Amino acid sequence: MQPVGFLNKQAFYLLKNPIYAWLLTGLFALFPLTGWLSLAVMALVTLRLGWFDGVRCLIVGLTVSICFAEVVGQLPEVLDTVVPTYLLCYGCALLLKRSASWQLIAIATLTVAVTVIFWVHSFAENFLIEQYKFLLQVIKAIDRENLIMQVFRNQNVESQLKFAHYLFGIKVLSVLLSVMIPLLLARSVQSALYYPGGFKNEMLNFRASRFGFILLMLMVLGAYQNNLLSISCLPIFFVYLMMAGISLILNLLAKKRNTVIYATLFLPMILLPYIVL
(Lines give C-alpha, C1' and ligand atoms only; values in the text may rest on other atoms or scores of the structure.)
Protein backbone atom coordinates (compact mmCIF):
# COMPACT_ATOMS: atom_id res chain seq x y z
CA MET A 1 0.00 0.00 0.00
CA GLN A 2 1.38 3.40 -1.01
CA PRO A 3 1.70 5.96 1.80
CA VAL A 4 -0.60 8.98 1.77
CA GLY A 5 0.55 12.45 2.82
CA PHE A 6 3.88 14.25 2.67
CA LEU A 7 5.08 13.13 6.11
CA ASN A 8 4.24 9.48 5.54
CA LYS A 9 5.86 9.51 2.09
CA GLN A 10 9.08 11.00 3.50
CA ALA A 11 9.09 8.45 6.32
CA PHE A 12 8.54 5.57 3.90
CA TYR A 13 11.36 6.80 1.67
CA LEU A 14 13.91 7.26 4.47
CA LEU A 15 13.15 3.76 5.79
CA LYS A 16 14.07 2.40 2.36
CA ASN A 17 17.15 4.62 1.94
CA PRO A 18 19.60 4.68 4.89
CA ILE A 19 21.68 7.50 3.40
CA TYR A 20 18.60 9.73 3.22
CA ALA A 21 17.84 8.91 6.87
CA TRP A 22 21.40 9.85 7.87
CA LEU A 23 21.15 13.08 5.87
CA LEU A 24 17.92 14.13 7.58
CA THR A 25 19.23 13.16 11.02
CA GLY A 26 22.33 15.28 10.58
CA LEU A 27 20.57 18.18 8.88
CA PHE A 28 17.87 18.52 11.52
CA ALA A 29 20.51 18.28 14.28
CA LEU A 30 22.16 21.48 13.02
CA PHE A 31 19.27 23.76 13.95
CA PRO A 32 17.85 24.22 17.48
CA LEU A 33 14.17 24.27 16.50
CA THR A 34 14.43 21.13 14.37
CA GLY A 35 16.50 18.98 16.69
CA TRP A 36 13.42 17.05 17.76
CA LEU A 37 12.89 15.99 14.14
CA SER A 38 16.38 14.49 14.15
CA LEU A 39 15.36 12.47 17.20
CA ALA A 40 12.11 11.44 15.49
CA VAL A 41 14.00 10.14 12.42
CA MET A 42 16.35 8.14 14.63
CA ALA A 43 13.44 6.76 16.66
CA LEU A 44 11.48 5.78 13.55
CA VAL A 45 14.47 3.95 12.06
CA THR A 46 15.05 2.14 15.35
CA LEU A 47 11.40 1.17 15.73
CA ARG A 48 11.11 -0.20 12.23
CA LEU A 49 14.57 -1.45 11.25
CA GLY A 50 16.18 -2.40 14.55
CA TRP A 51 19.05 -1.45 16.81
CA PHE A 52 21.88 -1.44 14.26
CA ASP A 53 20.27 1.02 11.85
CA GLY A 54 19.20 3.10 14.84
CA VAL A 55 22.76 3.23 16.18
CA ARG A 56 24.01 4.58 12.86
CA CYS A 57 21.47 7.41 12.99
CA LEU A 58 22.40 7.98 16.64
CA ILE A 59 26.09 8.33 15.76
CA VAL A 60 25.28 10.77 12.94
CA GLY A 61 23.06 12.93 15.15
CA LEU A 62 25.51 13.03 18.05
CA THR A 63 28.51 13.72 15.80
CA VAL A 64 26.81 16.64 14.05
CA SER A 65 25.49 18.09 17.33
CA ILE A 66 28.85 17.89 19.11
CA CYS A 67 30.85 19.27 16.17
CA PHE A 68 28.45 22.16 15.67
CA ALA A 69 28.44 22.92 19.41
CA GLU A 70 32.25 22.95 19.39
CA VAL A 71 32.23 25.49 16.56
CA VAL A 72 29.74 27.87 18.21
CA GLY A 73 31.16 27.38 21.72
CA GLN A 74 28.19 25.62 23.31
CA LEU A 75 29.78 22.26 24.03
CA PRO A 76 28.94 22.13 27.79
CA GLU A 77 25.23 22.71 27.11
CA VAL A 78 25.22 19.97 24.47
CA LEU A 79 27.00 17.48 26.70
CA ASP A 80 24.55 17.84 29.60
CA THR A 81 21.31 18.07 27.59
CA VAL A 82 21.53 17.04 23.94
CA VAL A 83 23.68 13.93 24.41
CA PRO A 84 21.48 12.46 27.20
CA THR A 85 18.40 13.24 25.10
CA TYR A 86 19.73 11.32 22.09
CA LEU A 87 20.83 8.34 24.19
CA LEU A 88 17.58 8.16 26.14
CA CYS A 89 15.46 8.53 23.00
CA TYR A 90 17.36 5.70 21.31
CA GLY A 91 17.02 3.49 24.37
CA CYS A 92 13.29 4.17 24.64
CA ALA A 93 12.76 3.46 20.94
CA LEU A 94 14.60 0.16 21.27
CA LEU A 95 12.61 -0.78 24.38
CA LEU A 96 9.33 0.17 22.69
CA LYS A 97 10.19 -1.96 19.67
CA ARG A 98 10.79 -5.00 21.85
CA SER A 99 7.99 -4.54 24.37
CA ALA A 100 5.32 -2.46 22.55
CA SER A 101 4.40 -1.13 26.02
CA TRP A 102 4.14 2.57 26.79
CA GLN A 103 3.72 1.71 30.48
CA LEU A 104 7.19 0.16 30.42
CA ILE A 105 8.56 3.22 28.64
CA ALA A 106 7.09 5.47 31.33
CA ILE A 107 8.56 3.35 34.12
CA ALA A 108 11.97 3.30 32.45
CA THR A 109 12.09 7.07 31.89
CA LEU A 110 10.89 7.78 35.44
CA THR A 111 13.54 5.46 36.82
CA VAL A 112 16.27 7.19 34.82
CA ALA A 113 15.02 10.64 35.84
CA VAL A 114 14.82 9.83 39.56
CA THR A 115 18.26 8.17 39.44
CA VAL A 116 19.82 11.25 37.82
CA ILE A 117 18.14 13.59 40.31
CA PHE A 118 19.23 11.45 43.26
CA TRP A 119 22.82 11.27 41.98
CA VAL A 120 23.07 15.03 41.40
CA HIS A 121 21.38 15.73 44.75
CA SER A 122 23.85 13.46 46.57
CA PHE A 123 27.14 13.99 44.74
CA ALA A 124 26.97 17.09 42.53
CA GLU A 125 24.94 19.72 44.34
CA ASN A 126 27.29 22.42 43.07
CA PHE A 127 25.95 21.68 39.59
CA LEU A 128 22.49 22.81 40.74
CA ILE A 129 23.89 26.05 42.09
CA GLU A 130 25.74 26.71 38.82
CA GLN A 131 22.55 26.10 36.84
CA TYR A 132 20.69 28.49 39.15
CA LYS A 133 23.33 31.21 38.71
CA PHE A 134 23.21 30.74 34.95
CA LEU A 135 19.43 31.25 35.04
CA LEU A 136 19.89 34.45 37.03
CA GLN A 137 22.29 35.72 34.39
CA VAL A 138 19.75 35.00 31.66
CA ILE A 139 16.97 36.73 33.61
CA LYS A 140 19.23 39.71 34.31
CA ALA A 141 19.95 40.09 30.61
CA ILE A 142 16.24 39.99 29.76
CA ASP A 143 14.80 41.92 32.72
CA ARG A 144 15.99 45.44 31.95
CA GLU A 145 13.79 47.07 34.61
CA ASN A 146 14.98 44.64 37.30
CA LEU A 147 11.42 43.70 38.29
CA ILE A 148 12.04 39.96 38.38
CA MET A 149 15.57 40.22 39.75
CA GLN A 150 14.27 42.05 42.83
CA VAL A 151 12.25 38.97 43.73
CA PHE A 152 15.33 36.75 43.51
CA ARG A 153 17.49 39.18 45.47
CA ASN A 154 15.00 39.21 48.35
CA GLN A 155 15.10 35.41 48.72
CA ASN A 156 17.09 33.87 51.54
CA VAL A 157 19.61 31.08 51.01
CA GLU A 158 17.11 28.34 51.84
CA SER A 159 14.57 29.62 49.32
CA GLN A 160 17.23 29.90 46.64
CA LEU A 161 18.31 26.32 47.26
CA LYS A 162 14.74 25.02 47.00
CA PHE A 163 14.17 26.99 43.83
CA ALA A 164 17.42 25.64 42.35
CA HIS A 165 16.29 22.05 43.01
CA TYR A 166 12.85 22.74 41.55
CA LEU A 167 14.41 24.21 38.40
CA PHE A 168 16.61 21.15 38.05
CA GLY A 169 13.47 18.98 38.18
CA ILE A 170 11.97 21.14 35.43
CA LYS A 171 15.15 20.70 33.37
CA VAL A 172 15.02 16.90 33.73
CA LEU A 173 11.34 17.03 32.80
CA SER A 174 12.18 19.04 29.66
CA VAL A 175 14.66 16.35 28.64
CA LEU A 176 12.01 13.66 29.13
CA LEU A 177 9.50 15.63 27.05
CA SER A 178 12.17 16.15 24.38
CA VAL A 179 12.47 12.36 24.28
CA MET A 180 8.79 11.49 24.36
CA ILE A 181 7.52 13.93 21.70
CA PRO A 182 9.80 12.60 18.90
CA LEU A 183 9.10 9.04 20.07
CA LEU A 184 5.35 9.65 19.86
CA LEU A 185 5.72 11.14 16.39
CA ALA A 186 7.83 8.23 15.20
CA ARG A 187 5.37 5.70 16.62
CA SER A 188 2.40 7.46 15.03
CA VAL A 189 4.11 7.51 11.61
CA GLN A 190 5.07 3.85 11.95
CA SER A 191 1.47 3.02 12.83
CA ALA A 192 0.13 5.03 9.88
CA LEU A 193 2.46 3.19 7.49
CA TYR A 194 2.22 -0.38 8.77
CA TYR A 195 -0.38 -0.69 11.58
CA PRO A 196 -3.31 1.68 10.95
CA GLY A 197 -5.13 2.47 14.18
CA GLY A 198 -2.49 0.87 16.38
CA PHE A 199 -1.07 4.11 17.77
CA LYS A 200 -4.51 5.39 18.74
CA ASN A 201 -5.24 2.22 20.69
CA GLU A 202 -1.88 2.42 22.45
CA MET A 203 -2.55 5.98 23.56
CA LEU A 204 -6.08 5.27 24.74
CA ASN A 205 -4.95 2.26 26.74
CA PHE A 206 -2.09 3.99 28.53
CA ARG A 207 -2.54 3.93 32.31
CA ALA A 208 -0.47 5.05 35.26
CA SER A 209 0.51 2.50 37.86
CA ARG A 210 -0.79 2.67 41.41
CA PHE A 211 2.78 2.83 42.63
CA GLY A 212 3.30 5.97 40.56
CA PHE A 213 0.31 7.61 42.24
CA ILE A 214 1.67 6.64 45.65
CA LEU A 215 5.05 8.13 44.74
CA LEU A 216 3.37 11.36 43.64
CA MET A 217 1.64 11.64 47.02
CA LEU A 218 4.96 11.01 48.76
CA MET A 219 6.61 13.70 46.63
CA VAL A 220 3.87 16.18 47.53
CA LEU A 221 4.27 15.36 51.21
CA GLY A 222 8.04 15.61 50.97
CA ALA A 223 7.84 18.96 49.15
CA TYR A 224 5.51 20.22 51.88
CA GLN A 225 8.19 19.20 54.39
CA ASN A 226 10.82 21.12 52.33
CA ASN A 227 12.63 17.96 51.24
CA LEU A 228 14.88 19.02 48.35
CA LEU A 229 14.86 15.63 46.63
CA SER A 230 11.05 15.58 46.63
CA ILE A 231 10.94 19.12 45.26
CA SER A 232 13.09 18.07 42.31
CA CYS A 233 11.04 14.93 41.56
CA LEU A 234 7.60 16.51 41.96
CA PRO A 235 7.22 17.99 38.41
CA ILE A 236 8.12 14.67 36.78
CA PHE A 237 5.57 12.57 38.66
CA PHE A 238 2.92 15.26 38.27
CA VAL A 239 3.24 15.28 34.46
CA TYR A 240 3.29 11.45 34.39
CA LEU A 241 -0.02 11.23 36.27
CA MET A 242 -1.49 14.08 34.23
CA MET A 243 -0.75 12.33 30.92
CA ALA A 244 -2.25 9.09 32.23
CA GLY A 245 -5.35 11.01 33.30
CA ILE A 246 -5.71 12.59 29.86
CA SER A 247 -5.47 9.14 28.26
CA LEU A 248 -8.16 7.82 30.61
CA ILE A 249 -10.49 10.73 29.83
CA LEU A 250 -10.02 10.27 26.08
CA ASN A 251 -10.71 6.57 26.44
CA LEU A 252 -13.93 7.24 28.31
CA LEU A 253 -14.87 9.89 25.79
CA ALA A 254 -14.37 7.42 22.94
CA LYS A 255 -16.45 4.69 24.61
CA LYS A 256 -19.06 6.66 26.55
CA ARG A 257 -19.17 10.03 24.89
CA ASN A 258 -22.52 11.25 26.24
CA THR A 259 -21.75 10.22 29.81
CA VAL A 260 -18.43 12.06 29.81
CA ILE A 261 -19.95 15.19 28.30
CA TYR A 262 -22.71 15.36 30.92
CA ALA A 263 -20.20 14.70 33.71
CA THR A 264 -17.99 17.49 32.40
CA LEU A 265 -20.93 19.88 32.39
CA PHE A 266 -22.38 19.15 35.82
CA LEU A 267 -19.47 17.91 37.93
CA PRO A 268 -17.98 21.39 38.53
CA MET A 269 -21.33 22.61 39.93
CA ILE A 270 -21.27 19.75 42.45
CA LEU A 271 -17.62 19.83 43.50
CA LEU A 272 -16.81 23.54 43.14
CA PRO A 273 -20.11 25.44 43.24
CA TYR A 274 -18.49 28.63 44.56
CA ILE A 275 -16.51 29.25 41.34
CA VAL A 276 -19.27 28.34 38.86
CA LEU A 277 -21.22 31.35 37.59
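Mentor: One definition before we start: a disulfide is a pair of cysteine sulfur atoms within 2.5 Å. Also keep in mind that this is a predicted model.

Trainee: OK, how many disulfides does a search of the whole structure find?
Mentor: The search finds 0 disulfides.

Trainee: What about Cys57, buried or exposed?
Mentor: Cys57 is buried, as its relative accessible area is 1%. The cut-off for buried is under 20%.

Trainee: And Cys67? Where does that one fall?
Mentor: Cys67 is at 45% relative accessibility, so it counts as partly exposed.

Trainee: Let's zoom out. How many helices and strands are in the protein chain?
Mentor: The chain has 13 helices and 0 strands. Of its 277 residues, 36% count as buried.

Trainee: How do the contacts split by sequence separation? Take residues at least 6 apart.
Mentor: Among those contacts, 71% join residues at least 24 apart in sequence.

Trainee: Which residues of H4 are buried?
Mentor: Asp53, Gly54, Cys57, Leu58, Gly61, Leu62, Ser65 and Ala69. Those residues cover an arc of only 165 degrees around the axis, so they sit on the same side of H4.

Trainee: What do they pack against?
Mentor: The buried residues of H4 pack against helix H2 (18-29), helix H3 (35-49) and helix H5 (75-99).

Trainee: Which exposed residues are on the face turned away?
Mentor: Glu70 and Val71.

Trainee: What happens just after H4?
Mentor: Gly73 takes a positive phi there, of about 80 degrees.

Trainee: Now H7. How far does it reach?
Mentor: H7 runs over residues 125-142 and has 18 residues. It reaches 26 Å from its first C-alpha to its last, close to the expected 26 Å.

Trainee: Which of its residues are buried?
Mentor: Leu128, Tyr132, Leu136 and Ile139 are the buried residues of H7. Seen down the axis of H7, they fall within an arc of 80 degrees, so they line one face of the helix.

Trainee: Why does that kind of spacing put residues on one side?
Mentor: An α-helix has 3.6 residues a turn, so residues three or four places apart point the same way.

Trainee: And what's exposed on the face of H7 turned away from its buried side?
Mentor: Asn126, Glu130, Lys133, Gln137 and Ala141.

Trainee: Switching to rings. How many aromatic pairs are there?
Mentor: The structure holds 5. One of them is Trp119 with Phe123, a tilted pair at 6.1 Å centre to centre, with 45 degrees between the planes. Both residues lie in helix H6 (residues 102-123), and they are 4 residues apart, so about one helical turn separates them.

Trainee: Is Phe123 buried or exposed?
Mentor: Phe123 counts as exposed, because its relative accessibility is 62%.

Trainee: What's the geometry for Phe127 and Phe168?
Mentor: That pair is edge-to-face, with 6.1 Å centre to centre and 85 degrees between the planes. Phe127 lies in H7 and Phe168 in helix H9 (residues 157-194), so the pair ties together parts that are 41 residues apart in sequence. Phe127 is partly exposed at 25% relative accessibility, whereas Phe168 is buried at 7%.

Trainee: Which ring does Arg48 lie over?
Mentor: Arg48 lies over the face of Tyr194, 3.6 Å from the ring centre.

Trainee: Now Thr85. Which helix is it in, and what does it touch?
Mentor: Thr85 lies in helix H5. Its relative accessible area is 8%, so Thr85 is buried. Leaving out residues up to four places away in sequence, Thr85 touches Leu39, Val175, Ser178 and Val179.

Trainee: Last one: where is Asn8?
Mentor: Asn8 is in helix H1 (residues 6-16). At 17% relative accessibility, Asn8 counts as buried.

Trainee: How far is Asn8 from Gln190?
Mentor: They are 182 residues apart in sequence, but 8.6 Å apart in space, C-alpha to C-alpha. Beyond residues up to four places away in sequence, Asn8 touches Pro3, Val189, Ala192 and Leu193.

Definitions and conventions:
Residues are numbered from 1 along each chain as its sequence is written. This is a predicted model: local features need pLDDT of at least 70, side-chain atom pairs count only at pLDDT 80 or more; totals for chains, interfaces and linings use all residues. Side-chain values use heavy atoms; hydrogens and water are left out. Helices (H or I, at least four residues) and strands (E, at least two) are DSSP runs, numbered from the N terminus. The expected span of a helix is 1.5 Å times one less than its number of residues. Buried means under 20% relative accessible area, exposed over 50%, partly exposed in between (1.4 Å probe, protein chains only). The arc is that of the directions from the helix axis to the C-beta atoms. Rings of Phe, Tyr and Trp (its six-membered ring) pair if their centres lie within 6.5 Å; planes under 30 degrees apart count as stacked, over 60 as edge-to-face and the rest as tilted. A charge sits over a ring if NZ of Lys or CZ of Arg is within 6 Å of the ring centre and within 35 degrees of the ring normal. Contact means heavy atoms within 4.5 Å.
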